[in-house]
Number of protein chains: 2
Amino acid sequence: MSKVKKLYESYDWVGEIANKTIIELQKTAEILTELHNDFFSRFDISSTKFNFLVILYTGYDEGMMLSEIGEQMLVTKANITGLVDRLEKQGYVKRKRDLFDRRKVIAMITDKGKSFTEKVIEEYKVWSKSIMTILEDDEKSQLIGLLKKIQVGLIDKI
Amino acid sequence: MSKVKKLYESYDWVGEIANKTIIELQKTAEILTELHNDFFSRFDISSTKFNFLVILYTGYDEGMMLSEIGEQMLVTKANITGLVDRLEKQGYVKRKRDLFDRRKVIAMITDKGKSFTEKVIEEYKVWSKSIMTILEDDEKSQLIGLLKKIQVGLIDKI
DNA sequence: ACAAAATAGTTAATATATAAACTATTTACA
DNA sequence: TGTAAATAGTTTATATATTAACTATTTTGT
């Protein structure tokens with residue numbers, strides 16, 4: 001059951017096209033997040049957990065440092081601790097101390113986590129294709145181009 | 001201080017362009033959310049609180065039903081209760097019972113909330129313009145067009 | 001008119017996110 | 001070499017989000 005009922009145009013207060021662009025980006029992303037939540041809840045994970053697992057899955061076999069994973073996600077270090085706690089509880093990840101630098105904690109994906117991630121990735125590919133049928137392929141490329149340009153522009157402002 | 005360090009291309013696992021589109025949308029939105037948080041934290045609010053206030057500000061003078069506001073935001077009714085609690089504590093909003101249907105709760109924006117919202121809106125306009133300089137105006141229109149198309153497509157899938 | 005269903009909002013339990021303070025360990029350098 | 005600074009992660013307090021169960025009120029259908 002979703003929260004989204006209909007699309008409102010609730011921004012009379014916006015004048016500039018820059019404003020509108022940001023708001024439409026946010027709105028699109030909110031709807032997308034909503035859909036992602038629906039999708040991932042079928043597997044009892046969140047999209048953050050999925051991101052974490054994918055990074056670990058496609059990463060090195062010896063595992064990865066927590067902060068190394070954190071750098072690739074928009075997640076603070078405090079949050080990584082909790083994230084790993086919960087993933088550990090689900091049996092998808094385990095912790096290991098780095099023997100050469102005992103400050104570091106290495107996260108390793110378990111066999112259970114590996115096969116789980118493979119399964120979700122496959123279903124995610126099918127799912128994301130199915131929800132993106134509204135755009136033609138050239139529109140998708142166009143959109144990706146614009147988004148990457150924005151990302152480059154935004155990352156400088158941070 | 002922000003979490004974002006650099007832009008990773010961490011999706012070797014993605015094949016389809018539909019996949020990439022969604023991931024780039026998410027990534028863009030995450031960076032944008034991060035920037036929004038930085039912006040709004042200067043005013044001691046979240047972007048959700050701002051949304052709420054703007055809807056109330058541009059709405060009817062007699063206030064609005066909580067669920068009516070909720071319909072325009074991607075927020076569950078349980079969350080609205082807490083949101084209004086916190087906004088009430090900040091003095092920007094007050095509650096009122098609907099006399100004709102006592103199930104309903106009306107949220108009213110206070111004078112303090114009104115002038116606060118006006119101030120934030122003005123600064124938001126300047127801010128959003130400044131962070132969107134990377135795109136030309138015709139690119140922005142193009143992007144808005146694509147985003148609206150996606151929204152229409154996605155809303156059907158929910 | 002009245003019982004059942006629908007509606008509006010709150011509460012409770014839990015998950016997820018943040019910042020700030022903290023512990024443990026390693027590195028830098030005087 | 002020993003102390004200050006830097007680094008990695010955890011803990012704590014709090015904000016925000018979700019779902020499910022709950023209360024109060026109104027509407028519906030007979």
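Predicted model: local features only at pLDDT ≥ 70, side-chain atom pairs only at ≥ 80, totals over all residues.
Reader: Take A:Ser128. Is it buried or exposed?

Author: A:Ser128 is buried, with a relative accessible area of 0%. This serine lies in helix α5 of chain A. Leaving aside neighbours within four places in sequence, A:Ser128 is in contact with B:Ala18, B:Asn19 and B:Ile22.

Reader: How many residues does α5 of chain A have?

Author: Helix α5 of chain A runs over residues 111-131, which is 21 residues. From first C-alpha to last it reaches 30 Å, close to the 30 Å expected at 1.5 Å a residue.

Reader: What about α1(B), how many of its residues are buried?

Author: 18 of its 25 residues are buried, so α1(B) is largely enclosed by the rest of the structure. The end C-alpha atoms of α1(B) are 36 Å apart, which agrees with the 36 Å its 25 residues should span at 1.5 Å a residue.

Reader: Changing topic. Which residues touch the most other members of the largest nonpolar core?

Author: A:Phe52 and B:Phe52 do, in a core of 95 residues. This core draws at least three residues from each of domain 1 (11-41) and domain 2 (46-128) of chain A.

Reader: What does B:Phe52 touch?

Author: Not counting residues up to four places away in sequence, B:Phe52 touches B:Ile69, B:Met73, B:Ile80, B:Leu83, B:Val84, B:Leu87, B:Val93 and B:Ala107.

Reader: You mentioned domains. What separates the centres of domain 1 and domain 2 of chain A?

Author: 28 Å, taken over C-alpha atoms. Their contact takes four residues from domain 1 of chain A and seven residues from domain 2 of chain A.

Reader: What area do the two domains of chain A bury between them?

Author: Domain 1 and domain 2 of chain A bury about 580 Å², 82% of it on carbon and sulfur atoms.

Reader: Which residues of domain 1 of chain A lose the most area there?

Author: A:His36, A:Phe39 and A:Phe40 lose the most to domain 2 of chain A, together 86% of what that side buries.

Key:
Residues numbered from 1 in each chain as written. Chains lettered and ligands numbered in written order. Heavy atoms only, no water. Helix = DSSP H or I, 4+ residues; strand = E, 2+ residues; numbered from the N terminus. Expected span 1.5 Å × (residues − 1). Core = buried A, V, L, I, M, F, W, Y, C linked by side-chain atoms within 4.5 Å. Buried < 20%, exposed > 50% of the residue type's maximum accessible area, 1.4 Å probe, protein only. Domains from an automatic or database assignment. Contact = heavy atoms within 4.5 Å. Buried area = accessible area lost by both parts, 1.4 Å probe.
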